[in-house]
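Have a look at it first, and then read on.

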Amino acid sequence: MEKKKMIYQKALRQMSEKSLSADFQAQVMERVREKARRRELIETWCICITGCLLLIGVGALTLWACHQVTGEIFTEQNIYTIKLICTFGITLLILYIFDELFRAPILAFLKKIDPN
Amino acid sequence: MIENSLIRQIIDGATHRYAELVQLHQSEVFALIVRIVGNEAEAEELTQDVFLKAYTNLRQFKAKSSFSTWLYRIAYNEAMSHTRRRKEVTIPLDERRIAQVGEQELEDWELSEQEEEVERLIGAIEVLPSQERALITMFYYNGFTTEKCAEITEQSVANIKTKLHRIRKKLYLMVKS
């Protein structure tokens, strides 16, 4: 550092010698974790809503296709097909939600049982 | 770079590893903010906000500049908006008087190591506009290059150099008057 810079450096150093409080990092990380939790929750909901919309779309498309083929919508066969598609979609959604919501606590529980 | 791979891991879900980034930069970021805002409690609160904001926007970090430059840009902008919200008391100086300060007398004064001069200089720095205080802190305290200062403040290098030169003259006048 050039000698002429020393005077500024000295003054700036003397302006504040306080350092951050001891639990600063813990406080930041608490806020960060909260943010991450919230973000995950929002992402989960976004995916759920998208999933539901897709399901409705597929349902509507199936109805339309059935109507094109049979000329009717609510025949026994058509209702059966729609039920099948909806059950498949809803099962996938439930599995996804279950994974998102319970993955962390299950992993924590498993880690508690066997830390290795 | 190790820092970039750490950032990748944090983005991919290893939130706990963000503590390493905080640990690495917290003191320097706080040092800059406290000198801009002048209040230690407010500075600590702002430093927390900076790290939270950096975490929230981490996916937008494209590694075009270093992580520290990106982080300091957030810190600088946060501190600036904070100071804009409160009314700053600054001492206006005649531009002609600043221009009249000779290079030699300025450099002679800068070599002085008397405590009295340092005390006066602290007083002068405290009443500088926050943008100027930020600039001299980054350059003289944090030891950043003019290029890095330019990136952080989003100004040209030539502009930074001119401003730094002007601030030195301004401080000299304030100390001497």
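## Confidence

pLDDT is the predictor's confidence in each residue, from 0 to 100. Chain B has a mean pLDDT of 88, with 98% of its residues at 70 or more. Within chain B, confidence is lowest in helix α5 (residues 95–100), at a mean of 79, and highest in helix α9 (residues 146–153), at 94. Helices here are DSSP runs (H or I, at least four residues), numbered from the N terminus.

This is a predicted model, in which local features need pLDDT of at least 70 and side-chain atom pairs count only at pLDDT 80 or more, while totals for chains, interfaces and linings use all residues. Residues are numbered from 1 along each chain as its sequence is written, chains are lettered from A in the order in which they are written, and side-chain values use heavy atoms, with hydrogens and water left out.

## Helix α2 of chain A

The 47 residues of helix α2 (residues 24–70) of chain A should span 69 Å at 1.5 Å a residue, and the end C-alpha atoms are 68 Å apart, which agrees. The expected span is 1.5 Å times one less than the number of residues. Just after α2(A), A:G71 takes a positive phi of about 85 degrees.

Buried residues of α2(A) include A:F24, A:V32, A:A36, A:L55 and A:C66; buried means under 20% relative accessible area with a 1.4 Å probe, protein chains only. Their cover includes α3 (76–113) of chain A, along with α2 (18–37) and α3 (40–56) of chain B.

Definitions and conventions: Helix = DSSP H or I, 4+ residues; strand = E, 2+ residues; numbered from the N terminus. Buried < 20%, exposed > 50% of the residue type's maximum accessible area, 1.4 Å probe, protein only. Contact = heavy atoms within 4.5 Å.
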